[in-house]
Amino acid sequence: SLRMPLAGGVGERVQLRMLATKAEEASDSVPVTIEADVVATEGSKLVTLKVREEGQGTTLQGVEAVFKGGAVGTVVWQRTPLLFVLLDDAAESEESLGGSAVVKPKANVTVAVGPDLVGRSLDFRGKPCDGGAAVSQDKTLPMFGAPVLQSDMATISKPLHTGITAVDALTPIGRGQNMLLVGPLACGRRDLAHDAVLHQAKEGVTCVYVCTQKNHEEILETLRERGAMDHTVFVSAGSDPSPAECVAAAATGCAVAEELARKGEDALVVVDDLQMHRDFWDTTERTLINTFGVGSVAANASSLNAASSEMRIFYASLFQRVGYLNKKAGGGSLSMLVLVDRNEAPPTQGEGAHKPYTMEDF
């Protein structure tokens, strides 16, 4: 019971009752299929659907969408009533999609997970792209898994060393936490990430390197030459990745690492550039404006706040998959190192100039 203040200043004690719905009952209330119409395309692989009224209000990220024309895709994100679907294969044209799709809320798109993936190179759907044998499908997890529950977390008590003393001393990170590396490419942030991956072999930590760069083969070869692939799973968004493919690749990397954490192991996910996530968000914003007008995101302070909240939820769907699990949940950890580009470099001439740091300084 709570004492509620009234206008006259006198409090009245009231009884509040909270209703809980069992997980099984909540699942039963979710429709088997939801119909949606194609409203826009971005490139050859990203399709925007508008959910028909009866299907609105259902969480659909990570589920399968089957188009009337036969194409199949994954819902990467939703901004009600719009769904942003990444196709498994490029569409020849918008007309070839058939104008509509059936979304399956109970059909989560999954990726294969397990220790056999270590040393392998995967595409954004979790399928091998290194010419090796097919991976076992005995164990799979949803590509877009749920954030770690508070009840599954333990107190963070172990450090995750990068192997660079200055970083570990000044900005330490614990196992089960995120760290952002912000700065221009010239500052050596990618070299630091590679060094951190290499160092994890000494720490007994398995790495998942999510590559969003066009030169992914060059980066993969660098990791191989340095011996990092002996304890690393490499997930590539492709040779010319779209923002949606990069979002999916990061989700796949987290799913692979999540299985390790559930088995009591420690895993580190490295996302080598968050720029594509920002580009994807800009695409959703632009599509909303083109479909419903600028008032859909900027009509007033309320709509601006709503759009800002949606953006935080979008990034949280990636960042909140980390955690240090308690023994009941598996006892492992999932940590994340994310590289963020900042185009402007500190001045090296004129007012405020200073000597740029190099990796040798550390």
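The legends below describe close-up views of a predicted model.

Local features were taken at pLDDT of at least 70 and side-chain atom pairs at pLDDT 80 or more, whereas totals for chains, interfaces and linings use all residues. Residues are numbered from 1 along each chain as its sequence is written, and side-chain values use heavy atoms, with hydrogens and water left out.

**Figure 1. Overview of the chain.** The chain contains eight helices and 17 strands, assigned as DSSP runs (helices H or I, at least four residues; strands E, at least two) and numbered from the N terminus. Of its 362 residues, 44% are buried (under 20% relative accessible area; exposed is over 50% and partly exposed in between; 1.4 Å probe, protein chains only). Among contacts (heavy atoms within 4.5 Å) with a separation of 6 or more, 71% join residues 24 or more positions apart.

**Figure 2. Helix α5, residues 243-262****.** The 20 residues of α5 reach 29 Å from first to last C-alpha, close to the expected 28 Å (1.5 Å times one less than the number of residues). Because 18 of these 20 residues are buried, α5 is largely enclosed by the rest of the structure.

**Figure 3. The largest nonpolar core.** A nonpolar core is a set of buried Ala, Val, Leu, Ile, Met, Phe, Trp, Tyr and Cys residues joined through side-chain atoms within 4.5 Å. The largest has 54 residues, of which Val208, Val210, Val269, Phe280 and Met336 touch the most other members. Helix α5 gives the most to this core, with 13 residues. Apart from it lies another core of 24 residues, including Val167, Met179, Tyr209 and Leu268.

**Figure 4. Surroundings of valine 269.** Leaving aside neighbours within four places in sequence, valine 269 is in contact with Val208, Val210, Gly253, Cys254, Ala257, Leu334, Ser335, Met336 and Leu337.

**Figure 5. Packing of helices α6 and α8.** The axes of α6 (residues 275-292) and α8 (residues 301-319) come within 12 Å and cross at roughly 140°; axes are lines fitted to C-alpha atoms over the stretch in contact, and angles run from 0 to 180 degrees between N-to-C directions. From α6, His277, Arg278, Phe280 and Trp281 make the contact, and from α8, Ala307, Glu310, Met311, Phe314, Tyr315 and Leu318.

**Figure 6. Threonine 33 in its loop.** Threonine 33 lies in the loop between α1 (23-28) and β3 (34-42) and is partly exposed, with a relative accessible area of 43%. Beyond neighbours within four places in sequence, threonine 33 is in contact with Val102, Val103 and Pro105.
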